[in-house]
Amino acid sequence: MSDKWNRKADVVVLGMGAAGCAAAIAATDAGASVILLEKMPEGREGGNTRISGGIWYNSLDPNGMAVYLRSLCGPYALPEGIVQVWAEETYKNTEWLESLGVTPGVHADYKPEYPELPGAEFYGGYLGVKGEMGQQLLWKALSAAVRDRGVEVLLDTPAKELVTDSDGVVTGVVASSGGQPLRVEARRGVVLATGGFENNPEMVRDYLRLPGSPVWGSPAGTGDGIKMAQKAGADLWHMDNMMATLGLAADGFEAGMYVMFIFSQGFICVGNDGRRPHNEIPPQGHGHGLIEGDYELFQRRPLHVVFDEAARLAGPISPPKEILPVGWNLLMEGYEWSVDNSAEIEKGWIQKGDTPAELAEKLGTDPDALEASVASWNEACAAGHDPLGRPEPTLTPLETPPYYGFTSAPLLGWTNGGPRRNEKAQVLDPFGEVIARLYAAGTVSSTYSWCKDGGFHIGDALAFGRVAGRNAAAEPPL
Ligand SMILES: Cc1cc2nc3c(=O)[nH]c(=O)nc-3n(C[C@H](O)[C@H](O)[C@H](O)COP(=O)(O)OP(=O)(O)OC[C@H]3O[C@@H](n4cnc5c(N)ncnc54)[C@H](O)[C@@H]3O)c2cc1C
């Protein structure tokens with residue numbers, strides 16, 4: 001590869017989400033010159049951070065949160081150095097955001113999702129910009145802080161490849177600008193902050209075993225940073241971890257739609273055999289549910305979701321912006337789900353049948369088994385006891401035809417896996433050696449090996465984004 005560079009900076013940051021913004025800000029504040037390369041054009045940049053709830057978790061005590069993180073990892077322990085830095089740095093998130101001019105506020109009264117685990121008492125709930133959720137507020141504040149510092153931001157400039165010297169040291173990046181290669185030298189380091197791989201169907205199939213899941217967030221997370229890191233020799237971690245949930249594909253839209261039965265609990269989920277595999281509403285956190293006594297990925301497999309006319313009329317099965325202002329289709333495409341779900345039935349996103357058996361034919365599940373599942377569900381509701389353990393207040397029968405349903409693939413919120421890194425955010429090769437001058441932060445290389453609580457992902461992206469930015473800035477110049 002030619003050693004001629006089109007541009008030079010001390011630190012080159014890839015991606016303009018929470019991790020990339022935090023890295024760019026920290027590197028600049030440490031005195032480095034920074035170029036930030038962002039794949040998407042103006043108006044579409046910012047990744048999942050932009051369309052997220054923008055919530056970071058409130059740490060009441062770093063030592064206590066270290067205990068909680070260890071508990072959440074369960075059998076998939078993290079290196080102790082990572083736990084310590086995560087706990088110390090996420091504790092500093094609020095103060096750091098305040099230093100950028102953000103006014104933090106408590107968002108509602110959120111409790112830990114895993115209250116029984118050691119350390120849960122140090123989880124202090126949700127913080128958001130002025131206490132608000134979503135609406136792009138956090139991303140706007142972060143990107144404004146990047147711009148205020150004079151960071152050179154190149155939009156519509158996807159990074160394609162890392163440049164390494166003969167010793168494997170990362171010296172820069174080749175990006176694409178206007179269809180032409182743009183070679184950017186990184187005199188001190190490169191920070192990968194390109195988000196997840198949820199929009200890369202091949203990777204989703206191979207690592208998560210989900211065939212054809214629609215995505216809740218930005219279409220930009222196609223695993224680019226993971227592949228670039230692999231080519232530079234990186235090991236991978238947490239590739240089989242994710243957050244997925246009930247949702248459906250929305251033809252004609254880039255992303256899928258989240259589903260949550262908030263106005264009526266009258267729904268059941270069945271597999272391809274027409275049977276309910278488990279309680280649909282187990283104790284659960286962000287991406288995990290208590291199934292058969294263990295926390296498992298949840299939703300982890302395709303399920304058919306069935307409800308009746310009473311549930312349809314109770315209200316939208318996809319929370320509107322006024323209730324949950326998050327997601328690509330709501331915030332970026334302005335999609336408004338119909339109040340009585342009729343528009344989505346008309347579009348064919350939701351199927352309809354006069355009987356459970358007729359609906360089953362349309363969903364591609366067993367008609368006799370679905371008839372039987374609805375009948376035994378109704379019996380359980382009448383008896384006030386579900387053999388699969390569904391909470392008593394949610395035992396709402398499905399007795400009012402017609403019946404409705406859709407297949408939840410499920411909806412993929414985000415992935416967690418990517419290049420393995422150490423507590424300094426340096427990317428490691430398969431033998432634990434540092435790949436010199438290559439850093440990673442945020443979803444491209446998330447800290448989480450297993451369970452995670454609300455606000456953990458933004459928290460992690462901000463924390464290790466800062467670590468990556470300041471450590472890259474501290475490298476001796478080439
Ligand atoms: C609907 C939704 C709600 C959520 N709500 C919350 C919440 O409230 N709290 C929480 O903690 N977590 C939440 N999450 C998860 C959280 O948003 C993400 O984990 C976090 O924002 C990831 O930040 P990031 O910077 O690592 O990646 P991203 O924010 O995804 O940013 C990655 C950036 O890299 C860019 N990029 C990609 N490829 C390239 C390339 N080749 N070259 C250059 N740039 C590239 C992308 O365009 C993007 O700008 C939510 C996620 C979703 C989908």
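Student: Alanine 250, buried or exposed?
Tutor: Alanine 250 is buried, because 21 other C-beta atoms lie within 10 Å and the threshold for that class is 20 or more. Bear in mind that this is a predicted model.

Student: Where does alanine 250 lie?
Tutor: In the loop between strand E12 (247-248) and strand E13 (257-258).

Student: And what is alanine 250 in contact with, leaving aside its neighbours within four places in sequence?
Tutor: Gly256, Met257, Asn329 and Trp349. Lysine 347 is 97 residues away from alanine 250 in sequence, yet the two C-alpha atoms are 8.9 Å apart.

Student: Switching to domains. What does the domain assignment give?
Tutor: Domain 1 takes 7-242 + 414-473, and domain 2 takes 247-409. Taken over C-alpha atoms, the centres of domain 1 and domain 2 are 32 Å apart.

Student: How many residues are in contact between domain 1 and domain 2?
Tutor: 24 residues of domain 1 meet 20 residues of domain 2. On the domain 1 side, the touching residues comprise ten nonpolar, eleven polar and three charged.

Student: Now the ligand. How many residues surround it, and which are the closest?
Tutor: There are 45 residues around the ligand, and the closest are Gly15, Gly17, Gly47, Gly53 and Gly442. By class, the shell has 19 nonpolar, 22 polar and four charged residues.

Student: Which element gives the most to that shell?
Tutor: Helix H14, with five residues. Among the elements supplying at least two residues each are helix H1 (18-29), helix H2 (47-51), strand E20 (411-415) and H14 itself, which spans 456-473.

Student: Staying with H14, what about arginine 466, buried or exposed?
Tutor: Arginine 466 is found in H14 and is buried, since 24 other C-beta atoms are within 10 Å. Not counting residues up to four places away in sequence, arginine 466 touches Ala22, Ala26, Glu89 and Trp96.

Student: Sheets next. In what order do the strands of the open three-strand sheet run?
Tutor: E3-E5-E4, with antiparallel pairing. Strands E3 (56-59) and E4 (104-106) stand at the edges with a single partner strand each, so one side of each has no neighbour in the sheet. From one strand to the next, the twist averages 50°.

Student: How many bridges join E3 to E5?
Tutor: Three, with E5 covering residues 123-129. In one of the bridges, tyrosine 57 has tyrosine 126 of E5 as its partner.

Student: And how do E15 and E16 pair?
Tutor: Strand E15 (residues 288-291) and strand E16 (residues 294-297) are antiparallel, over four bridges. Glycine 289 has glutamate 296 in E16 as its bridge partner.

Student: What phi does glutamate 292 take in that hairpin?
Tutor: A positive one, near 50°; the hairpin of E15 and E16 has two residues between the strands.

Definitions and conventions. Residues numbered from 1 in each chain as written. Predicted model: local features only at pLDDT ≥ 70, side-chain atom pairs only at ≥ 80, totals over all residues. Near = placed C-beta within 6 Å. Nonpolar A, V, L, I, M, F, W, Y, C, P; charged D, E, K, R; others polar. Domains from an automatic or database assignment. Contact = placed C-beta atoms within 7 Å. Buried ≥ 20, exposed ≤ 12 C-beta atoms within 10 Å, placed from the backbone. Pairing = 2+ DSSP bridges. Axes fitted to C-alpha atoms, helices over the stretch in contact; angles between N-to-C directions.
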